[in-house]
Number of protein chains: 2
Amino acid sequence: MAREFATKRMFNGAPRPTHQAIYGELRERILFGDFEPGGSVTLQGVADELGVSLTPVREAVRRLIAGGALQFHDNRRISLPAMTEPLLEEIYAVRAVTEPELARRAADHATREDVERLVTLDFALDEAIAKGDVKGYLRANYDFHFGLYGLSDSRVFLPIVENLWLQFGPCLRVACHRFGTSGFSDQHKQAIAALRSGDAEAARHAVAEDIEQGHLFVLDDLRRDGGVAD
Amino acid sequence: MAREFATKRMFNGAPRPTHQAIYGELRERILFGDFEPGGSVTLQGVADELGVSLTPVREAVRRLIAGGALQFHDNRRISLPAMTEPLLEEIYAVRAVTEPELARRAADHATREDVERLVTLDFALDEAIAKGDVKGYLRANYDFHFGLYGLSDSRVFLPIVENLWLQFGPCLRVACHRFGTSGFSDQHKQAIAALRSGDAEAARHAVAEDIEQGHLFVLDDLRRDGGVAD
DNA sequence: TTGACCCCATTTTGATCAAATAATGCAAGT
DNA sequence: ACTTGCATTATTTGATCAAAATGGGGTCAA
């Protein structure tokens, strides 16, 4: 894995600085990988594993800390924050007033091709659930939501929500792995229908319902098993 | 100024890493200093001016970019984002659903001493207005709002709102300098009264009114003079 | 005058190194 | 057995350096 990354950091084909590539890689691992909530992250550990020097790692990690995806302790030690119930509640409180709004704005811009792309993404999601592919489900769910939100032409709401997903992502991930993909339900079909009919308010409502369902799922898991994980 | 900063970066009295000090310094300049919206920022320019090396500057600037306070272009060049009307509208849209909520949560935690501290801060604000001290007004207004929000015990809302203030701060700053401090009105007294009586809903409403007034002031200024500044 | 091209200064980027700081383990004393 | 103190190790932090990339300026030709 480190070697594959080492090729990517070359400036040849990919005109993207290493620190951005590292940022993306760490994002991936937080959302879909195997970083455990509460686990510690060391700069040189990341640098060694990815085969790069400390400098770009620092910039990437600092960015993740700024977004709340990682936690910077007084000890100057870095960790993936552990989830607590009040923290999860607050994250949901922000999601509840931002993500539906993103959906509403997306509905105002969505073209027919945009909607078709979302249908494809939602189909991939259903397939992942059917196959019991947890990681595939997580990724498809992420892609659907941000495929939708990305239509909103937002410079302020969107990065905030992206960081929120980085904050509760690990928690959702462990909950899903513990629970499996059976019994997952979402409001994606309703959101798509709303976009088709150009009903922004319906799109807003669908996303509001969707994220509330997801929140309650994670909250349940946290209440059931939160004390044990420590 | 660079020398004063150089002393601060020593680990002797201030156990704070240089990159954090630089972050704080750049924050100050964005909110209350003389960075002009749309102006470009260079890493080594900052490093030279502050008398430090590039490494900690990079980390501080990366953090500000992550928060939307600075803008990272495809050219790998960094600038203070220029304000546009749709951007300002979106920033206000997020503020409108986050800051009143912070006030509501603050009201649930505020002690009598907390309220007295806010009264002191608001008095300093009135004094700055009376003296026509624009920078003093900006700082006092910031201190009052975040003195209030800081009572909310928030880990998610608060950093988001801090970053929002960094985004519209330069715009508010130039508007205030163009307009002077006369005629400023706010809802701080109402917010304080709400906190005194423990009326969280009234506190929420007071802050909602306050930031709407502020938003309209900046929006007016942007519409009047936005085209000229380019 | 205009546009293409090349050279140089500025800037960013990533690696490396030394110093500072925090964590860990081990031995000694109570 | 338990704690205290010291030494070792691991990690972060900041400075420095070389390479890559960008931007600007100037020259030259059409």
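In which sense do β1(A) and strand β3 of chain A pair, and over how many bridges? I looked it up: β1(A) and β3 (residues 78-79) run antiparallel to each other, paired over 2 bridges. (Strands here are DSSP E runs of at least two residues, helices are H or I runs of at least four, and both are numbered from the N terminus; two strands pair if DSSP finds at least two bridges between them.)

Housekeeping before I go on. This is a predicted model, where local features need pLDDT of at least 70, side-chain atom pairs count only at pLDDT 80 or more, and totals for chains, interfaces and linings use all residues. Residues are numbered from 1 along each chain as its sequence is written, and chains are lettered from A and ligands numbered from 1 in the order in which they are written.

**The sheet.** I found A:S79 in β3(A) as the bridge partner of A:S40. The open sheet has 3 strands in the order β1-β3-β2 (chain A), paired antiparallel. β1 (40-41) and β2 (71-72) of chain A are at the edges with a single partner strand each, so one side of each has no neighbour in the sheet.

**DNA strand D.** I counted 20 residues around it, with A:L43, B:P17, B:T18, B:S53 and B:N75 coming nearest (near means a C-beta atom, placed from the backbone, within 6 Å). Elements giving two or more residues to this surface are α3 (43-50) and α4 (54-66) of chain A, plus α2 (18-32) and α4 (54-66) of chain B.

**Chain A against chain B.** Each side of the contact is listed: 19 residues from chain B and 19 residues from chain A (contact means C-beta atoms, placed from the backbone, within 7 Å). On the chain B side, α4, α5 (85-109) and α8 (157-179) give two or more residues, and α4(B) has the largest share, 6 residues. I also checked the symmetry: a rotation of 180 degrees with 0.0 Å of shift along its axis puts chain B on chain A, RMSD 0.0 Å (least squares on C-alpha atoms of residues with pLDDT of at least 70 in both). The two copies are thus related as by a two-fold rotation axis. Since 100% of the interface residues of chain B are also interface residues in chain A, the copies meet through the same surface.

**One contact list.** Leaving out residues up to four places away in sequence, I see B:A203 touching B:A103, B:R104, B:A106, B:A107, B:A191, B:A194 and B:L195.

Key:
Two residues are in contact if their C-beta atoms, placed from the backbone, lie within 7 Å.
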